[in-house]
Amino acid sequence: MDDLTPRLLVDLLRDHIVPDKSLGQHFLLDTKIISRSIEICSEEGFPINSKSKVLEIGPGPGSLTLYLLRNEAYVFGIEIDEEAILHLDRVFGDANGQLEIISGDALRLNWPLGLTHIVANLPYQISSPVLDKIQQYHFKNPLNVIVLLVQDEFAERMSMEHYGSLSPLGLSLWLDFDVKLDKKVPGGAFSPAPRVNSRIVSLVPVDRSQENGEISRKMFKIITQHCFSSRRKKIRTLLSQVPRRISRIKGWHKSRWKAAVEELLLNPPDTFSNEWFENRPDMLEPEEWAIIANRISSFNE
């Protein structure tokens, strides 16, 4: 592996394939960006080393894979493209027992147990469902840190750092992670170059229950998705409408929802302003959405 470089790996794969837009195949060339993904793990206190079990989603030519292996990690790579799988086998083999390539769709396969890290350059079109799967995995099998390369605009929705960027996606991630934006990556760092910028994002696990108590996760997600689907409306109006998916929560139905919302509006949480329900969804803090979800969830008819 000493003679391999990201550009060589990309060129070797492109000798055999034409990048498939439907698979989001934009292959990373920039060694500084690849190195930065590895560095972030160390900065968060969980360096990638011989004790690490790392999942890479869509390794493609193996540019990132190469750096993970050089840091002595055990790497699981899930790859859907058969030509890419053949390429990875040609250039790496099993990397002296450090590499396992899994053929298939990362959204449908069961991920290996015992992972410590997820590091990946995600295809843009599957970024959202992959994040949902990461949360499901982390809930049962806690991860140390996740570092992803995603579309820049999507990264801002994940982090909610900018005014007006509050979203169901970011709020869902907030339940489990501190989301941190890192380097912006121009299209020229890839082959072929995408038309948009990308961004490195890290997800660092956090226990929200220490500050907010145990949060009703299902209710939290249903309420935030329901309210942000019409984010220009006021919260009172939104809560007066019954979420379409409320019946997915055992014991919940239209009349119970309406009674719970009526009680919440008449007796708001002590920390809320008197006119909180006149706000629009993106004017509340994540902690306030957690309070609303817990108050409604705990209502008994």
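Pro192 is found in the loop between strand 8 (190-191) and strand 9. A cis peptide bond joins Ser191 to this proline, with omega at about -10 degrees. The model described here is predicted. The protein holds 12 helices and 9 strands, and its C-alpha trace spans about 70 × 35 × 30 Å along the principal axes.

**Overall figures**

- Of the 301 residues in the protein, 50% are buried.
- Among contacts with a separation of 6 or more, 70% are between residues 24 or more positions apart.

- Seven strands form an open sheet in the order 4-3-2-5-6-9-7, and the pairing is mixed.
- Strand 4 (99-103) and strand 7 (177-185) are the edge strands, each of which pairs on one side only.
- From one strand to the next, the twist averages 20 degrees.
- Strand 3 (residues 74-79) runs parallel to strand 4, and the two pair over 5 bridges.
- Within this pairing, Phe76 has Glu100 of strand 4 as its bridge partner.
- Strand 5 and strand 6 also pair in the parallel sense, over 5 bridges.
- Asn121 stands opposite Leu149, a residue of strand 6.
- Is strand 6 mostly buried or exposed? Of its 7 residues, 6 are buried, so strand 6 is largely enclosed by the rest of the structure.

- The buried residues of helix 5 are Ser127, Val130, Leu131, Lys133, Ile134, Gln135, Tyr137 and His138.

**Aromatic rings and charges**

- The structure contains 6 aromatic pairs.
- One of them is formed by Phe228 and Trp289, whose rings are tilted, with 5.7 Å from centre to centre and 50 degrees between the planes.
- This pair links distant parts of the chain: Phe228 belongs to helix 9 (residues 217-228) and Trp289 to helix 12 (residues 286-297), 61 residues apart.
- Both Phe228 and Trp289 are buried.
- Phe272, Trp276 and Phe277 are linked into a cluster by ring pairs.
- Arg70 has its charged end over the ring of Tyr67, 5.7 Å from the ring centre.
- Arg256 lies over the face of Trp252, at 3.9 Å from the centre of the ring.

**Positive phi angles in two loops**

- Asn96 has a phi near 55 degrees, a positive value in a residue other than glycine.
- Asn96 sits in the loop between helix 4 (82-92) and strand 4.
- Met160 likewise has a phi near 55 degrees, positive in a residue other than glycine.
- The place of Met160 is the loop between helix 6 (152-159) and helix 7 (168-174).
- Is Asn96 buried or exposed? Asn96 has a relative accessible area of 78%, and therefore counts as exposed, the cut-off being over 50%.
- Is Met160 buried or exposed? Met160 has a relative accessible area of 16%, which is under the 20% cut-off, so Met160 is buried.

- Ile17 lies in the loop between helix 1 (6-14) and strand 1 (27-28).
- Ile17 counts as buried because its relative accessibility is 11%, under the limit of 20%.
- Which residues does Ile17 contact, leaving aside its neighbours within four places in sequence? The contacts of Ile17 are Gln25, Phe27 and Glu83.
- Ile17 and Glu83 are 66 residues apart along the chain, and their C-alpha atoms are separated by 7.1 Å.

Terms used: Residues numbered from 1 in each chain as written. Predicted model: local features only at pLDDT ≥ 70, side-chain atom pairs only at ≥ 80, totals over all residues. Heavy atoms only, no water. Pairing = 2+ DSSP bridges. Helix = DSSP H or I, 4+ residues; strand = E, 2+ residues; numbered from the N terminus. Axes fitted to C-alpha atoms, helices over the stretch in contact; angles between N-to-C directions. Phe/Tyr/Trp six-rings, centres within 6.5 Å; stacked < 30°, edge-to-face > 60°. Buried < 20%, exposed > 50% of the residue type's maximum accessible area, 1.4 Å probe, protein only. Lys NZ or Arg CZ within 6 Å of the ring centre and 35° of its normal. Contact = heavy atoms within 4.5 Å.
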